[in-house]
Amino acid sequence: PTPPVKKQKLTKLVTEHSFDAIVGHGAHTLILGTLPSEESQATAEERTAKKSKPKKSKGKSKKSAETVRLEVEKECFLRGSTEGMNYGNWKNPFWNIAATAYNYKRELTTYDEKKRNLIDNGYALWDVCGRVEKKTGSSLDADIKTSVPNKIPELLTEYKDIKKIVFPATSSNFFVKHYKETILSEWLIASFWICTDDIGKMSMNNIKHSQLPNVRTGSRSDLEALRDSGGRVVELVIVQSTSPANCRHGVTPPVKEKDWL
């Protein structure tokens, strides 16, 4: 007998956009994620609607309206906002780490206060991708099908004091993908540098600098010597992703926090 033909599962794609850059004059460090997750972009109303839908799994009934309300209220309290926000998954420790560094409570601080704290301390926050098409419901960068970059060259041109770009893990892959054809040959904004000592080891292993002719490698003392000579040098650094999905091989929130601090 002819075996039954399996129906091909269709993948539904959704287009997502990044938030505007969080940046102020005097910024010295730019943190570049890939793109805010669906969880981060959701408002309290959207989270409530999603949780109110009955589960497809057998034996799982629809949650009561009161249960959903309490869950969403708790999550919004822990994330510090009822609106969409960067790193808005309450299980993502990015804002907890910032709170540890600058002595405040994530859950007791509004999103506007969090953003102001970053700006006041010289940090800018944006994403490599300005728009992506990805599998619906997925938080994995690997499920991004197409992506359009944000205008990072223009940002670096306007904010001339930025001297370091920090990538939470895989966002550097998208950075290289989008800019390897131009960052090296056309960008006259700065020279780019990866340190070969201390935290630079992770960056050396993860940033495909061999594809980036305009990116040099060397010691931190060499980097500072270049800066002392008057040239603008932007250091590229990779740190552990704070995503809850990054939890293998003992990468716990305390490990992430130590890396970021």
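# Contacts, Helices and Pairs

Student: Leaving aside neighbours within four places in sequence, which residues is Leu 32 in contact with?
Tutor: Contact means heavy atoms within 4.5 Å. With the neighbours within four places in sequence set aside, Leu 32 is in contact with Trp 126, Asp 127, Val 128, Ile 152, Ile 165, Val 166, Phe 167, Pro 168, Ser 171 and Phe 175.

Student: What kind of model is this?
Tutor: Residues are numbered from 1 along each chain as its sequence is written, and side-chain values use heavy atoms, with hydrogens and water left out. Local features need pLDDT of at least 70, side-chain atom pairs count only at pLDDT 80 or more, and totals for chains, interfaces and linings use all residues, since the model is predicted.

Student: Is Asp 127 buried or exposed?
Tutor: Asp 127 is in strand β3, residues 123–127; helices (H or I, at least four residues) and strands (E, at least two) are DSSP runs, numbered from the N terminus. Beyond four places in sequence, the residues Asp 127 touches include Leu 32, Asn 86 and Asn 150. Buried means under 20% relative accessible area, exposed over 50% and partly exposed in between, with a 1.4 Å probe and protein chains only. The relative accessibility of Asp 127 is 4%, so Asp 127 counts as buried.

Student: Is Ser 221 buried or exposed?
Tutor: Ser 221 has its place in helix α9, residues 220–228. Its relative accessibility is 52%, so Ser 221 counts as exposed.

Student: Which residues of the largest nonpolar core touch the most other members?
Tutor: A nonpolar core is a set of buried Ala, Val, Leu, Ile, Met, Phe, Trp, Tyr and Cys residues joined through side-chain atoms within 4.5 Å. The largest one has 28 residues, and those touching the most other members are Leu 30, Leu 32, Ile 152, Leu 156 and Ile 165.

Student: Where on α3 do its buried residues lie?
Tutor: The buried residues in α3 are Val 68, Val 72, Glu 75, Cys 76 and Arg 79. Seen down the axis, they fall within an arc of 100°, the arc being that of the directions from the helix axis to the C-beta atoms. They pack against α1 (38–41), α2 (44–52) and α5 (111–120). Because of that arc, the buried residues of α3 line one face of the helix.

Student: What span does helix α3 reach from its first C-alpha to its last?
Tutor: The expected span of a helix is 1.5 Å times one less than its number of residues. Helix α3 (residues 65–79) has 15 residues, with 21 Å expected, and its reach is close to that, at 21 Å.

Student: Which residues form one aromatic cluster?
Tutor: Rings of Phe, Tyr and Trp (its six-membered ring) pair if their centres lie within 6.5 Å; planes under 30 degrees apart count as stacked, over 60 as edge-to-face and the rest as tilted. The whole structure has four aromatic pairs. Tyr 87 and Phe 94 have ring centres 4.0 Å apart and planes at 15°, so they are stacked, while Phe 94 and Trp 95 are edge-to-face at 5.0 Å and 85°. The cluster consists of Tyr 87, Phe 94, Trp 95, Tyr 111 and Trp 260.

Student: How far apart are the closest N and O atoms of Lys 51 and Glu 71?
Tutor: A salt bridge is a side-chain nitrogen of Lys or Arg within 4 Å of a carboxyl oxygen of Asp or Glu, and the count comes to eleven. One of them links distant parts of the chain, Lys 51 in helix α2 and Glu 71 in helix α3, 20 residues apart. Glu 71 has 25% relative accessibility, so Glu 71 counts as partly exposed. The closest N and O atoms of this pair are apart by 3.3 Å.

Student: Which residues are linked with Lys 51 in a network of salt bridges?
Tutor: Glu 71 is the partner of Lys 51 in a salt bridge. The network links Lys 51 with Glu 39, Arg 47, Lys 63, Glu 71 and Glu 75.

Student: About how many helical turns separate Glu 73 and Arg 69?
Tutor: The side chains of Glu 73 and Arg 69 form a salt bridge of 3.2 Å, N to O. Because they are four residues apart in helix α3, their separation is about one helical turn.
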